[in-house]
Amino acid sequence: MITRQRLAVGACALLAALTAGIALPAGAVADEPSGAAAPKVDLVLDVSGSMRARDIDGQSRMAAAKQAFNEVLDATPEEVELGIRTLGANYRGDDRKTGCKDTEQLYPVGPLDRTEAKTAVATLSPTGWTPIGPALLKAADDLEGGEGSRRIVLISDGEDTCAPLDPCEVAREIAAKGIGLTIDTLGLVPNTKLRQQLSCIAEATGGTYTSVEHTGELTDKVNQLVDRAADPVVTPVAVEGADACAKAPAIKSGLYTDREEFGQHRWYRVDVPAGSELRASVSVAADRRVNRDYGVSLRAVTASGREIVRGETTGDGRTDVLSAGLRYPKAESDDSDDESATEVVCLQVANSFSAASGVKTTPGLPLELTVDVVDGPGTSSDVASFGLGRGWWLLGLLVLVGFVAGVLWGWVSRWRVSVWRTN
């Protein structure tokens with residue numbers, strides 16, 4: 001009996017060791033990037049007169065915002081450079097022109113002094129107008145320079161009062177600069193018009209809109225957005241596609257952003273060496289109201305104009321993001337000195353979006369292009385391996401380990417039952 005028990009324990013230990021060896025390979029080492037640029041966040045707070053309303057957990061909207069800000073400042077990661085900008089905090093008069101200039105940098109974007117920032121927030125009192133558009137333009141200037149991620153978090157309880165400077169158009173202009181700046185919006189009132197305006201601002205830059213009605217929700221969401229700014233991100237490189245393959249800019253593996261007019265074609269060139277595989281994908285966002293039924297296509301074409309492969313997709317609705325992708329493996333060349341071993345491939349991005357009545361067509365639709373040139377499959381058998389390539393041996397080993405585990409578990413279970421019956 002003791003011998004059988006030792007055998008069972010030894011078998012289980014062997015199985016655990018095998019499983020640990022597979023799950024944690026000895027060569028696995030975490031390579032963490034160091035010396036990355038500090039992420040920047042600018043919190044833009046509406047301090048207009050409507051923030052006096054007492055409809056958030058029995059207190060005013062301004063008091064709820066202050067409480068949330070204090071908790072966010074305490075929880076802000078050390079590596080994040082944070083600033084605070086206000087809109088409608090100073091001018092109490094009725095002159096619209098003056099009121100629409102009322103935006104101020106309350107605390108500059110930089111290393112955070114929590115005590116100083118809290119003191120600045122404590123002085124705020126609901127005052128004037130709601131110049132969201134001008135405040136976003138100034139906030140974008142606050143975040144200029146540097147290579148780290150940049151994020152604006154706008155908190156408001158009302159629509160912009162400074163038309164015709166449409167804050168949605170302002171957000172599109174910011175996105176069109178290709179500086180990788182994201183605007184997230186939070187609405188303190190469940191109002192349809194406010195939701196539409198704040199959603200449009202967020203969608204234009206790839207941000208998010210959230211409606212909050214409680215202090216705890218506001219604190220949690222702002223904390224989440226500030227923490228997200230500290231996450232490592234890849235900033236797209238701004239590139240301007242051409243209207244023909246011959247004029248197209250040469251691009252390498254990376255993430256690119258561009259703007260494409262309605263129904264326009266944009267061209268880019270990529271060098272694909274022999275034995276490599278080109279992988280490309282494109283996403284085009286309809287960041288404004290468009291007509292129903294549209295599509296996006298991505299084509300790979302030779303320099304002579306012959307189509308190699310294409311990817312396309314279609315959609316339907318008011319706003320959407322459509323994506324298409326393709327893969328093109330370039331065969332190995334027998335002669336390593338052959339200049340034709342590297343092929344120039346032209347990528348064409350086309351869309352069939354059309355603007356709805358009264359909607360501006362400029363700037364163009366935001367376009368994000370991902371290009372990756374990787375080592376191609378070594379042999380034809382790799383291509384037929386459903387993407388696993390030489391990883392089949394690992395799959396086979398896992399199947400074997402699973403079979404052995406099942407047999408051992410069955411044997412141990414039968415042994416325990418027999419002992420129970422004997423006793």
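**Entry 1: the α5/α6 pair**

I looked up how two helices pass each other, and found that α5 passes α6 in a right-handed crossing. I am working from a predicted model. I noted that α5 covers residues 132-142 and α6 covers residues 167-176. Their axes come within 8 Å and cross at roughly 20°. Angles under 35 degrees count as roughly parallel, so I logged α5 as roughly parallel to α6.

Which residues make the contact? From α5 I listed Ile132, Gly133, Leu136, Leu137 and Ala140. From α6 I listed Pro167, Val170 and Ile174.

**Entry 2: helix α8**

I checked the length of α8, residues 215-230. At 1.5 Å a residue, its 16 residues should span 22 Å. I got 23 Å between the end C-alpha atoms, which agrees.

Next I asked which residues of α8 are buried. They are Thr215, Leu218, Thr219, Lys221, Val222, Asn223, Leu225, Val226 and Ala229.

**Entry 3: the cores**

I turned to the largest nonpolar core, which has 31 residues. Leu43, Leu45, Ile155, Leu186, Leu218, Val222 and Val226 touch the most other members. I noted that β1, α2, β2, α4 (114-122), β4 and α8 each give two or more residues to this core. The largest share, seven residues, comes from α2. For context, nonpolar side chains tend to be buried together in soluble globular proteins.

What does Val226 touch, not counting residues up to four places away in sequence? I found Val41, Leu43, Val72, Thr76, Pro77, Val80 and Leu82.

I also logged a second, separate core of 29 residues. Val270, Leu298, Leu369 and Val371 are among its members.

**Entry 4: Ala65**

I placed Ala65 in helix α2. Is Ala65 buried or exposed? Buried means under 20% relative accessible area. Ala65 has 0% relative accessibility, so I count Ala65 as buried.

I listed its contacts, leaving aside neighbours within four places in sequence. Ala65 is in contact with Leu45, Met51 and Leu218. Leu218 is on my list of buried α8 residues. Both Leu45 and Leu218 are also among the core residues that touch the most other members.

Last, I checked Ala65 against Ser156. They are 91 residues apart along the chain, and I got 9.8 Å between their C-alpha atoms.

Terms used:
Residues numbered from 1 in each chain as written. Predicted model: local features only at pLDDT ≥ 70, side-chain atom pairs only at ≥ 80, totals over all residues. Heavy atoms only, no water. Helix = DSSP H or I, 4+ residues; strand = E, 2+ residues; numbered from the N terminus. Expected span 1.5 Å × (residues − 1). Buried < 20%, exposed > 50% of the residue type's maximum accessible area, 1.4 Å probe, protein only. Core = buried A, V, L, I, M, F, W, Y, C linked by side-chain atoms within 4.5 Å. Contact = heavy atoms within 4.5 Å. Axes fitted to C-alpha atoms, helices over the stretch in contact; angles between N-to-C directions. Parallel < 35°, antiparallel > 145°, perpendicular 65-115°, else oblique. Left-handed = near helix turned anticlockwise from the far one by under 90°.
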